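Look at the chain below.

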Amino acid sequence: MKTLIIEDEKAALRNLKAAMKEVDAEFEIVGETDSVTGTLEWFAFHPMPDLVFMDIHLADGSAFGIFEQTDITCPTIFTTAYDEYALQAFKVNSIAYLLKPISSSDLQQAIDKLKILGGAVQPAIDFQAVMHALKREESYKTHFLVPVKGDRFVPVGVEQISYFYIDEGAVKAVTQSAEIFDFQQTLDELVEQLNPRQFFRANRQYIIAHKAITGVSLWFGGRMVLQLSPAASEKVIISKARVPAFKEWF
């Protein structure tokens, strides 16, 4: 299988090559490029390969710029560090992609999928939809600078937070280690800043991290009660109207 690799990170390139050696496929690497410009030059002077591995972010811009300037007629497997929820647009367009660091098992699944497709080229990619999803993912908060006593601020990573809640009109965050921080943002503002795949607005008083949920119980009137870690000081109830959205999110 004549294969072109488009990747600008040396460590990622080594990782991909190592995974390629482990899977049951006869790869023949016919080219390696690390930029949009270099890739366009490669296609200008070489026949179409059987398969392309393409990193999304290259040294001189987005890899999608390659498709805008040349016609790639072979299957393409994208490689990226973005988490899978940022790439729903790829799934809609039946595009194979691998999350870094790439494992041999993930690569094998992608190759098996291509074999099932018979080497057919995937449907046209909606680049605008994909880029919108990626840019939206980049905009979500990963850290907050939280004011504490005096004139100090403490950096708090989003991955540390179990849930946000309102206590006597003030917004607070509880971390996995049961620390409590006061936040200046409203819950409405936080909902816009947090990744909706990681956090859910349970009700008017709580925003819950997926990893904080340790159990779910049915409650009166078709509602649900969440068990959290660390435990909340009150019952966290999801209304009957919000239950379908919660089930889909969870």
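## A helix across the sheet

Helix H2 covers residues 36-45 and lies across E1, E2 and strand E3 (51-55). H2 runs at about 135° to E2. Such angles run from 0 to 180 degrees between N-to-C directions, with axes fitted to C-alpha atoms, for helices over the stretch in contact. Helices (H or I, at least four residues) and strands (E, at least two) are DSSP runs, numbered from the N terminus.

This is a predicted model: local features need pLDDT of at least 70, side-chain atom pairs count only at pLDDT 80 or more, and totals for chains, interfaces and linings use all residues. Residues are numbered from 1 along each chain as its sequence is written, and side-chain values use heavy atoms, with hydrogens and water left out.

## The whole chain

The protein chain has 8 helices and 17 strands. Of its 250 residues, 43% are buried. Buried means under 20% relative accessible area, exposed means over 50%, and partly exposed lies in between (1.4 Å probe, protein chains only).

Contact means heavy atoms within 4.5 Å. Take the contacts between residues at least 6 apart in sequence: 54% of them join residues at least 24 apart.

## The parallel sheet

Which order do the strands of the open sheet follow? The order is E2-E1-E3-E6-E7, 5 strands with parallel pairing. Strand E2 (28-33) and strand E7 (96-99) stand at the edges with a single partner strand each, so one side of each has no neighbour in the sheet. From one strand to the next, the twist averages 20°.

Strand E1 (residues 2-6) runs parallel to E2, joined by 5 bridges. Two strands pair if DSSP finds at least two bridges between them. Ile 6 stands opposite Thr 33 in E2. Helix H5 (residues 104-117) lies across E3, strand E6 (76-80) and E7. H5 runs at about 175° to E7.

## Two sides of helix H1

Helix H1 spans residues 10-22. At 1.5 Å a residue, its 13 residues should span 18 Å, and its end C-alpha atoms are 19 Å apart, which agrees. The expected span is 1.5 Å times one less than the number of residues.

Which residues of H1 are buried? They are Ala 12, Leu 13, Leu 16, Ala 19 and Met 20. These residues cover an arc of only 130° around the axis, which puts them on the same side of H1. The arc is that of the directions from the helix axis to the C-beta atoms. E1, E2, E3 and H5 are among what covers them. On the other side of H1, Lys 10, Arg 14, Lys 21 and Glu 22 are exposed.

## Strand E10 and its partners

Strand E10 (residues 161-167) is mostly covered, with 5 of its 7 residues buried. E10 pairs with strand E11 (residues 170-175) in the antiparallel sense, over 6 bridges. Phe 164 stands opposite Ala 173 in E11. The hairpin of E10 and E11 has 2 residues between the strands, and Glu 168 takes a positive phi near 55° there.

E10 also pairs with strand E14 (residues 206-209), antiparallel over 3 bridges. Ile 208 in E14 is the bridge partner of Tyr 163.

## Two cores

A nonpolar core is a set of buried Ala, Val, Leu, Ile, Met, Phe, Trp, Tyr and Cys residues joined through side-chain atoms within 4.5 Å. The largest core has 34 residues. Those with the most contacts inside it are Phe 144, Phe 164, Phe 183, Leu 190 and Ile 208. A second, separate core has 18 residues, including Val 36, Trp 42, Met 54 and Phe 78.
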